[in-house]
Structures are given as C-alpha cells and as structure tokens.
Amino acid sequence: MSVLRNGKTVVLETENFHYVIEYDDFGYVHNIHWGGKCPIEDYWVDDLGDENPNHPNLDQIRCEYTPFGKTMYRPCAVKVHFADGCREINPEFVSCETGKDTAVITLKDCYYPLEIKLLYKVYEEYDIIKRSVCFVNTGSDDIVFETLMSTELTLPGTEPYHIVNTNGGWGAEFIPADTVLEAGSLTFESRQGRSGHINSPYVIAYTDADELKGRVFSAHLMWSGNFKVKAHRDLLNITRVTLGLNSFDFEHVLKGGESFEAPAVICTISDGFGAMSRNLNRFGYNEVLPKNFAKKPLPVLYNSWEATEFDVNVKDQTALAKKAAAAGCELFVMDDGWFGARNDDHAGLGDWYVNKEKFPNGLGELIESVNALGMDFGLWVEPEMVNPDSDLYRAHPDWAYHYDTRKSNEIRNQLVLNMTKPEVQEYIFNCVDTLLSENNIKYIKWDMNRPFSETGGENLEHPKMLWYLHTKAVYSIVDRLKEKHPEVQFESCSSGGGRCDWGALEHYDEVWTSDNTDAIDRIFIQKNYALTRPVKTMRAWVTDINWYNRDTPLDFRFNISMRGVLSMGGNLNNYSDDDIAVSRKYVDMYKSFRNIIQFGDLYRLLDIDKDEISADIYVDDAKDNAVLFIATVNTRCMKKTLPLYIQGLDDSKIYEFDYEDKHYRKSGAFFRNVGIPVEIRKQYYNNIIKIKAV
Ligand code: DGJ
C-alpha cells in the first residue's frame, strides 16, 4: 500500500518519503509535509492562529490547490467565471477516495455546479507522485476558465529556494537558470504554441543541494504547448509553485455535463540532483514512454540532414546509405527535401507525396537498397506546417491560422496549419498513414519548425482554446498512427529541442535535442537534457559540424554521443576508409553496452564547467557492469590531477578495469571513497572504460 489514511490525513508513501495532505470540513486541502517519514498518527494540521485584520489568515494555508476567491491573494491555481458573472470559487469538501496507489479528493463549489477533483497517483519506487486536477460541470450553463493550473506545490519550510528553469534558445537548449527567490514571483512560460527552446515546463527547487546530497524537489508538466510555471514567495516566506496551461490568451469553456482533466505533473523528491535524474530516467521508460519501444534498446541511426540538407535523391542517398551501413548503422533516416517541390525551405511543406524528379521510382527504390544493406528506413515530415508555395496551400488557404485583416508572418517561409479543424487533422493523418502503409518505413522524424503567429481560427466558437486544442490534436494523430503502425518509432523534433518535454515523451519514443551537434557544446546540452529526462530518449548524432573552427577529433565526438542514443549525421561521403573504420569500432562498442546506457543509472562524476573534465558513468541494474566516459577539451597550467570518485558501484563488490597504464582491481567502496587519479595533459583527451565486477 502506498496510500495510507488516518482520519482526514492522507499519506502518499514512496520508498523514501511521505507526501502528506489533510482535508478539513471547510473545503481546504492542506499540504502538511513532503519529506522524510514519520508515524502517520503524528501528522496534524497547524491551526490558523489569530486572525490579523491586516494579513488574512487564509494566506497561511499551505493549500494543495488555491482557487481564486475569498481573501487568498497569492497566485491562484484556478479562476473561472460562471454564467451569472460570479468570478469566485468557494469549495466545500465532498469526498476522499483512496486506492492502493491513488487518491482522489473531490470538492465542489458551495453554490455553483462545479466539482474539482484533485488526483494523485503514487509511484513508490521512484519517489514520484503524479498529480492532476479534473473539473466537472454538473450543471447546464457554460463555466469559463481563465486560469487552469494542473498543480500547485507548497514547498516545505520558509527558507528562500533556488528555483531552476532554463533560458535557452535554438542551438542552445536547456541552459539552466538558477535564481534564489526571496520575494514576489518568478514566471517561466511559453506563448509559442510549443513548449519551445527558451523556458521549460518544469521547476527544480532546492535550498542547499548538489549531485549527491541535499533535498531536491522537482515538478514536470506533461505538456508540449503553451505553459506557465510560476514560483512565488509570500509575506510568510512560504514558497509555492504552480504549473499548468498558460493563462495568456487562454480560455477553456466547460459546457454543462462536460469534464476536463488538465495535463498531469510529475512531482519528484530526492536527495541530490543525481537521484532526481535517475528516478526520472527509470520512471520514464517504465511508466511514461509509449509502450512499443519503451523497453527496447533503440537502434544506431544515420540521418542525412547535415550531409545533404534539401538536396536528396535516390543516387546520393543510396551512396550515403552504403557508408552508413559500413559504419554499423542500423537505421537510415532521410531528412527534409524528398517531397513536393521541396528544393529549399521555400516550397513543398504540406505536399506529402514523393518528388518524382528526385525519386523517379518512388521511395521504394531507396528503401529496398537500404533494407538490402541490412538497415531499416526512416523519413522526415513536418505535418503541422504548410509553405504558401504548395499545392496544399493553393487548395486550402484557410487551413492555416490567419486573420483576414493581418499579413501572416512567414518564419522559415511557412505557416502553421490550424490543427483544430477536423479536416486538417484527417488530411495529416491520411498523408502520414499512406506513407507508412505504402512503404517499409520504421521511423518517423516529426519536425515542427516555427512558433505560431496570427492565430485566428474562424472555425472555433472560443478561439482562445486553439492553443490547447492544437497540442491535443498533435498527440491524438501521433497516437492513432502509432496504434495503426506499432512497428514505427516516432521522434519529436522542433528546430532541434523545441518540443522535448514530458508531454511529448508520453507520445513520441525519442527526441532530437538540438541542431547544435558541436561535441563540446553537446556535453552541456546533453547534461542538462538528461538532468530531467530519460537518457534513452536523447538522440545524439556524431557529425562534422565545425561552427567554431575547432576540428574536434572523431573519437572525441563519439565519446560524447555514446552517452545518449548514439547516431551519426555527418557527411559520410567525406569519410576516409579509416574514418569509417573508427566509426565502426565505436558503433560496435556502443552496441555491446547500449543496454547499460539506455537502461542503466547515470552518475555525473565530474562537470566540464566546474572541473574542466567531463566524466559520466552508466551502471547496470545488478551493478556488475559499468561504462565510464571521460573527456576534456584541455586543461590549463599543466596541473590537472584530480581524484575521480566513482559513484554507482556496489561498495562490497570487486571491480576490475584498465585505465591508462594501470590495472585496477579493487572494491566499489575504494573507487567511491578513495577514487582513482585522473591526470590530463592532452587536448581533446577522451577515454571509455568498461568496468566489470569480478
Ligand atoms: C530542423 C531539424 O532540427 C533538423 O534536424 C532538420 O530536420 C531540419 N529541421 C530540416 O528542415
């Protein structure tokens, strides 16, 4: 049992922690505790203390979900207006139902026909609680939501918290932003129609923590569209965070008899950032990722984008495929450029039929060659978009979001399709379905290369619902396609990592994290991606990109990409036989231990930014096998000798491995407590060490 009850106290028990709530007769659900465990009868609700006319005592409540109303002035989780103009919710307690690992607390407005259900599911072994909220309109008039957050979290204690989100960009995804919140509010959001590259739909909060220790709280909204994360510290020094659909340009109308369940939030608690990542990693492939591939090791793929861009044709792609097969790749993905009049980014989007000049005999000819080389075949699409220069747009100009009175912005020469229209949804489903039905395609890279603008949709009675409905439509099409073609993997891409949140991870098998494939930048990008998401969802290409003129050696690039789902994306036509042989060596090596990378536990040992050296170890379940990656660009002043304390091994087992010119055979305890000396004097040093229990 992971949900325990004592009177009005409900304890959500995970392996190491308690999340404790208590409801009262007045319709308040109090958060009593989120932290270490104690006997359940010891928990109690603080009484509200003396009424102080200047500070309404409702502010003191550590509330599970704050509606706008009464004298609670903090950022609220939900605000509605009822048909008669009333804009307050006054909840009353109705019921609390608990199951083995679930709890549902139902409240209802004391006057209006609105029910609020707070939903909890406990995932004991990962110290995770999934929360959401469901609203039911039990009357007949519309109820209009202006603010609709999925979750409110009241953080324990009164110390100011570090609030971590991201401030990234294209090619610079997941750059962390860590702010100590003393007072007022911090907001992170997207208004782009996708979760985007800048802020992220999550929060990490801590007061004093590092990789190994210190209490860390985090919450991750499972949503790929507009979101808002707001952290607030009040006059009583209580820090609360709300996460949910962005209330900017938002409205959700709940008709009589309808219910609405908001996107869920994954809430974690751990000691140290490392434990947070490992819990999220395992939770991801065991509980969230689409079932077909969640527990299968993902193949090493080759992607054509950086080699050929839009200039694809059967001859050149076949030549690339031969090289990719020689390098050991298992899947060949042809990127942009194969369809319609697509010779650059000005035309063709929307016309999802093969370009006959480039592929006179259809896709089949290339696919057969790829299959004959022993590889599966994958294809790039960008279904939510249309180029004004396309047959689709000429036939249906009204299928793109637009205002008749405004000139539409054409970022990357394209417009966003109005996915709230059923006919658009059917068109997209049918196009991709036909491609998958008529061709032996095993992989779809679903791209989405621009944010929304001029979001007029004359079809909608309530146009501000489009943000929500668009994302729902994408999810539903991908789900339908996956159901009909269960053997096809789906990758979520949005100009790199513009849509790789936990909502996407519920529908796509993996993501493209960034168009920045520079190996050194990638150390940083991958680290911050894997901080909060499963390693096996992180496609990581080895390419020849040379944005900074630094000619990073091939083996160094492999060292970095092998820490995720190894893939290749360089122009293999320029690879010498030696380069292909080196690639083959690393691809084969990766295959020999990819289960450890994709399903094991990652411990970040040294950080390139702090320590000048990047060192990550991946350890299998039994703690019998591990792979240690070490890389550094260079070190300064000839004096970099560090003890590398190797985490993650079993203290009581003996491990053996070679590192540089030394052979080690010692206990896990030795490697963790004493460590091994790492002395680096070399530019682009890199090493991969297989560690085995004796
Ligand atoms: C953006 C993606 O991130 C790239 O990998 C590539 O697929 C291009 N789009 C193609 O237009």
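User: What makes N165, T166, N167, T187, F188, E189 and F227 contacts of N199?

Analyst: N199 touches each of these residues, with residues up to four places away in sequence not counted; contact means heavy atoms within 4.5 Å. The model is predicted, so local features need pLDDT of at least 70 and side-chain atom pairs pLDDT 80 or more, whereas totals for chains, interfaces and linings use all residues. Residues are numbered from 1 along each chain as its sequence is written, and side-chain values use heavy atoms, without hydrogens and water.

User: Why is N199 called buried?

Analyst: Its relative accessible area is 13%, and buried means under 20%, exposed over 50% and partly exposed in between (1.4 Å probe, protein chains only); therefore N199 is buried.

User: Why is F93 called partly exposed?

Analyst: The relative accessibility of F93 is 23%, so F93 counts as partly exposed. Y23, at 8%, counts as buried.

User: Why is the pair of F452 and W467 called stacked?

Analyst: Rings of Phe, Tyr and Trp (its six-membered ring) pair if their centres lie within 6.5 Å; planes under 30 degrees apart count as stacked, over 60 as edge-to-face and the rest as tilted. The centres of F452 and W467 are 5.5 Å apart and their planes at 10°, so the pair is stacked. F452 is buried at 8% relative accessibility, and W467 is buried at 9%.

User: How do you know that R480 lies over the face of F429?

Analyst: A charge sits over a ring if NZ of Lys or CZ of Arg is within 6 Å of the ring centre and within 35 degrees of the ring normal. R480 lies over the face of F429, at 3.8 Å from the ring centre.
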